[in-house]
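Subject: Structure handover

Hello,

My notes on what turned up follow below it.

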Amino acid sequence: MPVQDSRTPGRRKSSPGRVVLLVATRKGAWLFHGDGARRTWRVDGPHFLGHVVNHVVLDPRDRRTLLAAAKTGHLGPTVFRSSDLGRSWNEARRPPAFPKAAQGAPGRAVDHTFWLTPGHASEPGTWYAGTSPHGLFRSSDGGETWDPVPGLNDDPTYRAWMGGPQDGTPDGPKLHSIVVDPRDAARLYVGMSSGGVHQSRDRGATWSPLVKGLQVVEDLDPSNVTFHDPHCVRLCPSNPDRLYQQNHCGIYRLDLPSETWVRIGRNMPKRVGDIGFPLVVHPRDPDTAWVFPMDGTSVWPRTSPGGKAAAYVTHDAGRTWRRLDRGLPQEQAWWTVKRQAMTGDSREPVGLYVGTTSGELWASRDEGERWSCVARHLPEIYALEIGERA
Amino acid sequence: MRVVVPSPLRSYTGPRPVEAEGATLASALADLDRRYPGIRFRMIDEQDRVRPHIRFFVNGEQVFDLDVPLHPGDELQIVQALSGG
């Protein structure tokens, strides 16, 4: 991933490569291959029909290896790997799993792998996985075998912050938003729902919380890391010292070396609020980011506010936000966009993509100005990633 | 021994019953995993606990202990409690 000087983000010419949308759903995975103009899409799927697929990711280092995190309602979790863009799949020889506990001690078991992140460009074959319950795992052989990262998983303080299987989302606690600094393979970030945002500067050997400035629900104590619930954390590739976060309690920005998050969602329209799951950053402009708000009032319906679907964009690092709803349904749209179900490509202009809990796939070729529906009637979409081909 | 595999696991074994050897259920499952890599972890978690929807029957009797002894000629049936929506 190219890193440019943050003071001169610049604009590159459109990449000539094609994009493929990697759609992970509650009942399988689909690949949508776009034409060069991103106008028409050829569907390839279902893959793993009937499996719960939480994430499908293309390795940007070789642009042909896919990893898919899958399980079924009745079988244990695993990771599948394809080296030919989904024409054939092989199962990991040793999927993410916690170590066997000592006799008599309660042991943890991975319920599902929730998140996959390719490692640093200098470490081909390295991948990271986040699981439910909270666990961070690393593969050094392209996803064939996985090892726990004990510096996080087994640290007593972190074990306390993680809580147990009953904590976290209705589908269990999730370790997500695994971010690798493009300048430094040793610098990592993760989010835990719940359990806060954390950073490591030594490739995961040690960790420290990054929760200052973030709010927590009700009148709970924000100094208790357990109470923090990041929904999605993104690093700006054009300025890796800037992170954005969609949190359970608002939208935030962090500009390192400061370690205090600033709530930039206060500038969203009051009737919409700043609650949501996903957040997307611009590949070249660190001042531009998109969110997809949801209703976080009363009992938290987690649907488009008022049933009117819209993305919001900021071009000034969160000082102002603008609604982007042209083409999206403006009545009776009672769906949700989950935390890993909104993504963008690196083309010029940037393409944005949204997958909904109602199984619709929406795309914009002009940075969110106009949206069109690519697919309907898919199962509930859990994750949507973009793959950019050579 | 003959092992009857439920449909969700036949991507590993193929459609027909398969063979495995072992003096206990645990060792038979280990042998099954040697023959069909990955199949055990889909049934047994990393703490050696049987996953929630998996059941084992030996000669028609349900068994719950991985250390239960098995004998040549026994039939092991793996059953999945299919549910969902």
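**What was found**

Chain A holds 2 helices and 28 strands. Its radius of gyration is 19 Å, close to the 21 Å that the globule rule gives for 390 residues, so chain A is as compact as a globular protein of that length. Please keep in mind that this is a predicted model.

Some overall numbers for chain A. The C-alpha trace spans about 60 × 50 × 45 Å along its principal axes. Of the 390 residues, 52% are buried. Take the contacts between residues at least 6 apart in sequence: 51% of these join residues at least 24 apart.

**Strand 13 of chain A**

This strand covers residues 188–193. It is mostly covered, with 6 of its 6 residues buried. A:Leu188, A:Val190 and A:Met192 point one way. A:Tyr189, A:Gly191 and A:Ser193 point the other way. Both sets are buried.

Strand 13 of chain A has a partner in strand 12 of chain A (residues 174–180), and the two pair in the antiparallel sense over 5 bridges. A:Ser193 is the bridge partner of A:Lys174 there.

Strand 14 of chain A (residues 196–200) also pairs with strand 13 of chain A, again antiparallel and over 5 bridges. Within this pairing, A:Val190 stands opposite A:His198. Strands 13 and 14 of chain A form a hairpin, with 2 residues between them. A:Gly195 sits in the turn and has a positive phi of about 140 degrees.

**A:Ser372**

A:Ser372 lies in strand 27 of chain A, which runs over residues 372–375.

Leaving aside residues up to four places away in sequence, A:Ser372 touches A:Gly327 and A:Ala363. A:Trp362 is 10 residues from A:Ser372 in sequence. In space the two are 5.6 Å apart, C-alpha to C-alpha.

**Where chains A and B meet**

On chain B, 15 residues are in contact with 15 residues of chain A. Helix 3 of chain B (residues 39–43) gives the most to the side of chain B that touches chain A, with 3 residues. By class, that side of chain B has 5 nonpolar, 5 polar and 5 charged residues.

Best wishes

How values were computed. Residues numbered from 1 in each chain as written. Chains lettered and ligands numbered in written order. Predicted model: local features only at pLDDT ≥ 70, side-chain atom pairs only at ≥ 80, totals over all residues. Contact = placed C-beta atoms within 7 Å. Helix = DSSP H or I, 4+ residues; strand = E, 2+ residues; numbered from the N terminus. Nonpolar A, V, L, I, M, F, W, Y, C, P; charged D, E, K, R; others polar. Buried ≥ 20, exposed ≤ 12 C-beta atoms within 10 Å, placed from the backbone. Pairing = 2+ DSSP bridges. Rg over C-alpha atoms; globule rule 2.2 N^0.38 Å.
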